[in-house]
Amino acid sequence: SGWIHISQLKKVNSFIINSDKIIFQKSSKFSKPIAMLKKGRLLVIKKCKKEWCKVITGGITGWVETTNVWGL
């Protein structure tokens, strides 16, 4: 157990992926893939639809499926 000071917490919504994932240009598996993301990557959420979230990470913006993630 431990503690984290309030100043160390971000006020933006985010989650961590538990497996390697592909970030897509649109919210569909049939859209253009942009990048491959490795397990443990932190993604900042811009907006979400049903099973997809538009995220930004490392200057890359795109859509990721929300299956097998932590913190959503």
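Predicted model: local features only at pLDDT ≥ 70, side-chain atom pairs only at ≥ 80, totals over all residues.
Close-up 1. Residues are numbered from 1 along each chain as its sequence is written, and side-chain values use heavy atoms, with hydrogens and water left out. Strands are DSSP runs of E with at least two residues, numbered from the N terminus. Thr-66 has a relative accessible area of 17% and is therefore buried; buried means under 20% relative accessible area, exposed over 50%, and partly exposed in between (1.4 Å probe, protein chains only). Apart from neighbours within four places in sequence, Thr-66 is in contact with Lys-50, Glu-51, Trp-52, Cys-53 and Leu-72, where contact means heavy atoms within 4.5 Å.

**Close-up 2. The disulfide between Cys-48 and Cys-53.** A disulfide is a pair of cysteine sulfur atoms within 2.5 Å, and by this rule the count is 1. The S to S distance for Cys-48 and Cys-53 is 1.9 Å. Their link is right-handed, with 95° about the S-S bond. Cys-48 is partly exposed because its relative accessibility is 43%, whereas Cys-53 is buried because its value is 1%.

**Close-up 3. The hairpin of β4 and β5.** Strand β4 (residues 42-49) runs antiparallel to strand β5 (residues 52-57), and 5 bridges join them. Two strands pair if DSSP finds at least two bridges between them. The hairpin has 2 residues between its strands. Val-44 is placed opposite Ile-56 in β5.

**Close-up 4. The hairpin of β5 and β6.** Pairing of β5 with β6 is antiparallel and extends over 6 bridges. Val-55 faces Gly-62 in β6 as its opposite residue. Between the strands of this hairpin there are 2 residues, and Gly-58 takes a positive phi near 55°.

**Close-up 5. The salt bridge of Lys-29 with Glu-65.** Side chains of opposite charge can pair when their charged atoms come close. A salt bridge is a side-chain nitrogen of Lys or Arg within 4 Å of a carboxyl oxygen of Asp or Glu, and the structure holds 1. The closest N and O atoms of Lys-29 and Glu-65 are 3.7 Å apart. This pair links distant parts of the chain, 36 residues apart: Lys-29 lies in the loop between β2 (21-24) and β3 (33-37), and Glu-65 in strand β6. Lys-29 counts as exposed because its relative accessibility is 54%.

Terms used:
Helix = DSSP H or I, 4+ residues; strand = E, 2+ residues; numbered from the N terminus.
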